[in-house]
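The sequence and the model are shown here.

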Amino acid sequence: MTVSSVPTLDSLRTRTRAVLAGLFGPEIDDLPADAPLPETLGDRYDSLGAMECVTAMEKEFGIEVDFVEHDVRYTFAQMDRIAEFVHAQLEDQAAFGGPR
Amino acid sequence: MIAHLAPHAPVGTAVTTGEADLWCTYAAVRTAAWLGRAGELPGSAATVDYLRSRRNSDGGYAWSKGMASDAWATFYCTQAMAELGAEIPKLGSTRDWLHRTWSGDAYAMLPGQAPDVWATHFSVRTMVELCHDDPPDRGRLLTWLRALQAPDGGLGWSPEHAATTASDVRACFYGVMSWRALRATDPDLALPWDGPALVRWMRDQQQAEGGFLFGPSADTSCMWATYRATAALETLGSGPAEKQRCVDWVLDRRLADGSFVRWAGYDVADVWASFCAIGSLRAMGADTERHAGPVLRRLHAMSCDGGGFTYREPDRAGDALSTAATAMMSAPEDPRQSQWRTWLAGCRLPNEGGIMYMPARGSEVRCTLWAVAAGAAGADPTAPREIANWLGELQNPDGGFGYWEGRGSDLVSTAAAVETLRLLGIPLSEALDPARLAEFVLGCRDVLGYRHVPEAPPTLRAGLQALRIRDELGQTTPGELAILLDQHRVTGGGFANEGSRMPDLLSTYEAVVTADRQRIPVDFSRLAVFLDRIGRPDGTAWTPLTPTGGGALADCLGVLLRDRIAGHRAELPALTLS
């Protein structure tokens, strides 16, 4: 894989929204990309819900999240941050190889 | 036999959270419902939200948010919602979860645990009264219930307890109420026990002054035993031999404002005393209406702002875990230390030598460990031996320990009992049966690892707890701990209870403690990174994903670990929670 093969940020945003809609329902479809997920989803996005989200994103994009090294709580609090994080991980994988 | 302790509320200073407690919330709601006044409780909508927030995705309910489901919490949450007239969400999945706790003969508190009569009572009632379904095998359940009767006529916590004639009025109540629930769908269902012998044994627990004991080994009549006995006797179509004396004893347990206390001489009216007093009076056909005003006023005083209830006024409702945690994370020279220890030592009340989570409740093995680790035994010279004796009586026939008397064994409680004795400096063999203890620990093990209860999935913490117990038994297996730690070490820092992905504070704490005991080095630089990641403005979180601090208990473990890294503490107490 080369850096140019990494999906665009826009396409990652779309796929991220689809993954979250699969987990939390169609209300995700109309949610602004920078909306705070813990506040919007309430109890559904507690630590277990966030864990499900992380696992689903890992599976969808073939990345691996480190719960200590990565600032997961910040990154996974908004859809746009998630997509940006995935984009960075895929770029790293493309450059250095990774878990895929 | 436990030495008689003055049954007054503990003096000293406690740490309070101001938060609701599920046990108290159920008791408050049920008491008001018995009085026909549930609609007058404050904050009903918030209380229902509080109860619903205990529901896990597996369909069961937990004592605290984030904990595993158990049968007791499931009954309390669903029953209290029903009493408040609220819709109980997704009862079908609750019924499915209860099926997972069925052992083949009766119900366990958790999937994979051995059954006991506490769990069986709660789950039979949830299944029949709320889910409107039947237990999986009524015939085998009745056979199991029948085997609870001991040679003395009373009922024990399990058939194995009954074989040792450990009868208790609480076990009688739970057994009888399980039968009552089954009879609701089969009015001709015969009593599975020798009824006259059961009634005789329960009546024999009434004391001359009118109240009841838990059983022959108890020394002080209390409201809890009196409620369990009178309600079970009523269900059997009987009553206390000295009924009026019992009614008078209950009425004598009122304070000046008309609210009830649990023991003669006790000076704080708590929610359980109200629950048990109103329950006892109802069971004996006595008037409860005239007590409704004082009891409702007391319940109002116990309501919490965020919904639910605690055992007394929220700003005065200290608990042993928060108090012990605060004492342990505070400087030894803090002038408040003696006040906290005094309060913790006062949480030992009549009949059970261990320390209670909340005063006037019931002794619990984990709370006893945390309080002893905080120095509570030093505040009372009689405490070490009485705690050891209590632990000796608490050991289940299978060799393990449950959270409290009669509850099925698990490794958390068993490790807590062993660590308590270690901290007290009392050899295991003086208090417990080491051979049976070893049998239970090995019964939780297979080729995949150690399990919290015999049939649960293997976890790091269960492995750590088992290895520490085996250390104390002189059965250390070289290399076993190092392999276990490697399996659960998280690359970024910390240790995970399952796999090696998500580290959590409790697993990391137990990993460090256990590694220290076997002199296995831990990478403190990675540990420090993990601790930084769970730091929050309001304290220490349980996991990197948790948005807020976990309160005094998490703060305590975080402080102790940081002290260990800094070399300020050479050895940490092996604190267990779940």
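Tyr76(B) is buried in this predicted model, its relative accessible area being 3%. Phe122(B), at a relative accessible area of 2%, is likewise buried. The rings of Tyr76(B) and Phe122(B) form an aromatic pair of the edge-to-face kind, with 5.8 Å from centre to centre and 80 degrees between the planes. Because Tyr76(B) belongs to helix α3 (residues 71-83) of chain B and Phe122(B) to helix α5 (residues 117-130) of chain B, this pair ties together parts that lie 46 residues apart in sequence.

Helix α5 of chain B also holds Trp118(B), which pairs with Trp157(B) in the loop between α6 (138-146) and α7 (159-163) of chain B, so that distant parts of the chain, 39 residues apart, are linked. The ring centres of Trp118(B) and Trp157(B) are 5.1 Å apart and their planes stand at 5 degrees, and the pair is therefore stacked, since planes under 30 degrees apart count as such. Trp118(B) is buried, with a relative accessible area of 1%, and Trp157(B) also counts as buried, at 2% relative accessibility. Over all chains, a search of the whole structure finds 31 aromatic pairs, among them the two set out below.

| Pair | Centre to centre | Angle between planes | Arrangement |
|---|---|---|---|
| Tyr76(B) and Phe122(B) | 5.8 Å | 80 degrees | edge-to-face |
| Trp118(B) and Trp157(B) | 5.1 Å | 5 degrees | stacked |

The second topic is the interface. The size of an interface is often given as the accessible area lost when the parts come together. Between chain A and chain B the buried area is about 1400 Å², and carbon and sulfur atoms give 57% of this area. Of the area that chain A buries against chain B, 48% is supplied by Phe67(A), Val68(A) and Arg73(A), which is more than any other three residues supply. The contact itself takes 15 residues from chain A and 17 residues from chain B.

Across this interface of chain A and chain B there are 3 salt bridges by the rule applied; in one of them the side chains of Glu69(A) and Arg526(B) meet at 2.4 Å, N to O. Polar contact between chain A and chain B amounts to 6 residue pairs, with both residues at pLDDT 80 or more. On the side of chain A that touches chain B, α3 (47-61) and α4 (72-75) of chain A each supply at least two residues, and the largest share, 4 residues, comes from α3(A). By class, that side of chain A consists of 6 nonpolar, 2 polar and 7 charged residues.

How values were computed:
Residues numbered from 1 in each chain as written. Chains lettered and ligands numbered in written order. Predicted model: local features only at pLDDT ≥ 70, side-chain atom pairs only at ≥ 80, totals over all residues. Heavy atoms only, no water. Contact = heavy atoms within 4.5 Å. Buried area = accessible area lost by both parts, 1.4 Å probe. Salt bridge = Lys/Arg side-chain N within 4 Å of Asp/Glu carboxyl O. Polar contact = N/O pair within 3.5 Å; in protein donor to acceptor, adjacent residues only side chain to side chain. Nonpolar A, V, L, I, M, F, W, Y, C, P; charged D, E, K, R; others polar. Phe/Tyr/Trp six-rings, centres within 6.5 Å; stacked < 30°, edge-to-face > 60°. Buried < 20%, exposed > 50% of the residue type's maximum accessible area, 1.4 Å probe, protein only.
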